[in-house]
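Subject: Handing over a structure

Dear colleague,

I am passing on the structure below, and after it you will find some notes on what turned up when I went through it. Please have it open while you read.

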Number of protein chains: 2
Amino acid sequence: MYPSSIKNLIESFKYLPGIGEKTAERMAFAVLNLDKDQVESFASNMVEMKNNIHKCKICNNLTEDEVCNICSNESRNKKSLVVVDDPKTVFVFENLGIYKGLYHVLDGLISPIDGVNPEDVGISQLVDRVNNGNFDEIIFAFKPSIEGETTALYIKRVLSGMNIKFSRLASGVPMGADMEYVDSLTLERALSDRKEIE
Amino acid sequence: MYPSSIKNLIESFKYLPGIGEKTAERMAFAVLNLDKDQVESFASNMVEMKNNIHKCKICNNLTEDEVCNICSNESRNKKSLVVVDDPKTVFVFENLGIYKGLYHVLDGLISPIDGVNPEDVGISQLVDRVNNGNFDEIIFAFKPSIEGETTALYIKRVLSGMNIKFSRLASGVPMGADMEYVDSLTLERALSDRKEIE
């Protein structure tokens, strides 16, 4: 029923996750109400981002350069490595501003049940990097999950010959949470990881 | 913290209504995961829609042509006119497929409290059209609201000299609604508009 150019844009919006027919319609009509300049910059920002952003050849993080500005920053602590499964986590850490070491971004987590094997998530690139580097500690910053545990244990095993400390982020009851709503797995972990008060 | 081309696209997504920082970030990252072809067609669909869609010179509906395919359809009933305040309502009616007359799209509703006057919503174009046309009935299909009532009454008054029947969509308890959750204004309207069972 819509003119074809509206229909085409609705279909494009539906490429995005969580966007169904109704939301896509609402967005296409919203685009119609923007200024011509805004629409043109929106469209060119989209294409430019897709063209300019690629993966850092050292850490696999998203960057516009060959090497990202974290890997190329000489003042970062080159002995500490945070391993994440999603480039967004790097930006979350950097926004926090309290970590001064390096990162390595995997292409997801190992998940045998979904057929995702170590080679699919780029473990060998990480192993090469660590073998050629001089890291004291590797910190796994994966979402707490079976896949996160599996991936961390696999990497630790592969690198077991090296003199490196492995750690993961603490997991437990989040700050400010209502005890009533904490799920049982989180509570179990919080109990087994309990910290002595000194 | 994000590379500038990601940041630019996040800002563009924030032009859309109801899209805040977090959702815009999620969408920009989703675009990054699309194929290059998809991103290019998304961007060109956006610009093309903005360039191709304009208002029908007769009814003010959205179209790619000078006159929309409803106004130019000779088989439509030229004596009946549904007046709406949003082009989307035309598509809702057309999808329903039970109305065979014509439409007129206002640029919103009269709202003195918000400083929106009859000339701001294009009442004079509607009046000209009706004066030069041969309509039997004008049906107001506005969202039930004070502004909708005001606009309907204003148009009826301006056109009062003509031999035209004016009506509005029935308003009342929606089909399938739970009586417990029907708001009091709707219930009041449903009671005063009650229909005799014959």
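This is a predicted model: local features need pLDDT of at least 70, side-chain atom pairs count only at pLDDT 80 or more; totals for chains, interfaces and linings use all residues.

The arginine in question, B:R76, lies in the loop between β2 (62-63) and β3 (80-84) of chain B, and it counts as buried because its relative accessibility is 10%, where buried means under 20%. Its side chain is also joined to that of B:E94 by a polar contact of 2.9 Å. If residues up to four places away in sequence are left aside, B:R76 touches B:I70, B:E94, B:Y99, B:K100, B:G101, B:L102 and B:Y103.

Next come the aromatic rings, of which the structure holds 20 pairs over all chains. In one of them, A:Y2 and B:F91, the ring centres are 4.4 Å apart and the planes stand at 50 degrees, so this pair is tilted. Because A:Y2 lies in the segment before α1 (4-13) of chain A, while B:F91 lies in helix α4 (residues 87-96) of chain B, the pair joins two chains. A:Y2 counts as buried at 12% relative accessibility, and B:F91 counts as buried at 4%. Another pair, B:F140 and B:F166, is stacked, with 6.2 Å from centre to centre and 5 degrees between the planes. Since B:F140 belongs to strand β5 (residues 137-140) and B:F166 to strand β6 (residues 165-168), both of chain B, this pair ties together parts that are 26 residues apart in sequence. Both B:F140 and B:F166 are buried. Returning to A:Y2 and B:F91, ring pairs link these two residues and A:F29 into a cluster.

Finally, there is a sheet in chain A, an open one in which 4 strands follow the order β4-β3-β5-β6 with parallel pairing. Its edge strands are β4 (101-105) and β6 (165-168) of chain A, each of which pairs on one side only, and the twist averages 25 degrees from one strand to the next. Strand β3 (residues 77-84) of chain A is joined to β4(A) by 5 bridges, the two running parallel, and A:V84 stands opposite A:V105 in β4(A).

Terms used
Residues are numbered from 1 along each chain as its sequence is written. Chains are lettered from A and ligands numbered from 1 in the order in which they are written. Side-chain values use heavy atoms; hydrogens and water are left out. Rings of Phe, Tyr and Trp (its six-membered ring) pair if their centres lie within 6.5 Å; planes under 30 degrees apart count as stacked, over 60 as edge-to-face and the rest as tilted. Buried means under 20% relative accessible area, exposed over 50%, partly exposed in between (1.4 Å probe, protein chains only). A polar contact is a pair of N or O atoms within 3.5 Å; within protein, one must be able to donate a hydrogen and the other to accept it, and residues adjacent in sequence count only if both atoms are side-chain atoms. Contact means heavy atoms within 4.5 Å. Two strands pair if DSSP finds at least two bridges between them. Axes are lines fitted to C-alpha atoms, for helices over the stretch in contact, and angles run from 0 to 180 degrees between N-to-C directions.
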